[in-house]
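Please look over the sequence and the structure below, with attention to charged pairs and to nonpolar packing.

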Amino acid sequence: MASRRSTNDGGEQGTAEPTPADRIEMTEGGIRDAHAGSIRLSEGGITTATADAIDVQQGGIVRATATDIAVTNGGIVLAQGGTVSIDRGFAVATIGGETRVVQSATNLVGGRDITIDQSLVMGVLAEKATIRQPSIIGVLIADRVEGSVRPLLDWRGALAFGAAFAVVARFLGRR
């Protein structure tokens, strides 16, 4: 079983080639590309991670693709997976079949089944969205919504805002 374990003392470990392995466990380090069966990251960073399972504890990943992605007290720019969980973290975009955002902040959450609990989310696009506890949702577009939610803009408001923005942009463009 090829396994890679990195426990640097804060030093940056950069490789130009992808790092393939069955399992990657990294603490306090960084690599550019990681491809493995499972990746566990603690207090480190990865530019691109591809795996069956990715677990981030107080670390960050720019782009993650996996069947199961879990981020706790960390950040991720783009998470694409079957199941994506952000707990007390930050994400720019999460796209998953089943996505859970708990006490976190995200710009965009998209997926089939989304649960948001005490979080700030700017945009939600879902087949089913469940909102628990007080959360702030910017724009909400979903087939079904469970829980009490009052988005800043629903789909009608977003459509009206977009039309008004287009009119103003066109008017200012002529000047």
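R88 is partly exposed at 39% relative accessibility, where partly exposed lies between buried (under 20% relative accessible area) and exposed (over 50%), with a 1.4 Å probe and protein chains only. The model is predicted, so local features need pLDDT of at least 70 and side-chain atom pairs count only at pLDDT 80 or more, while totals for chains, interfaces and linings use all residues. Residues are numbered from 1 along each chain as its sequence is written, and side-chain values use heavy atoms, leaving out hydrogens and water.

**Salt bridges**

- Four salt bridges are found in the whole structure, each being a side-chain nitrogen of Lys or Arg within 4 Å of a carboxyl oxygen of Asp or Glu.
- R88 pairs with D87, and their closest N and O atoms are 3.1 Å apart.
- E146 and K128 form another salt bridge, at 3.8 Å from N to O, which links strand β10 (residues 136–146) to strand β9 (residues 120–132); E146 is partly exposed at 39%, whereas K128 is buried at 19%.
- D55 and R40 approach to 2.4 Å between the closest N and O atoms.

**Nonpolar cores**

- The largest nonpolar core has 23 residues, and those with the most contacts inside it include I39, I61 and I76; a core is a set of buried Ala, Val, Leu, Ile, Met, Phe, Trp, Tyr and Cys residues joined through side-chain atoms within 4.5 Å.
- Apart from this core lies another, of 11 residues, with V101 and I131 among them.
- I61 touches residues including L41, I54 and V77, leaving aside those up to four places away in sequence, where contact means heavy atoms within 4.5 Å.

Definitions and conventions:
Helices (H or I, at least four residues) and strands (E, at least two) are DSSP runs, numbered from the N terminus.
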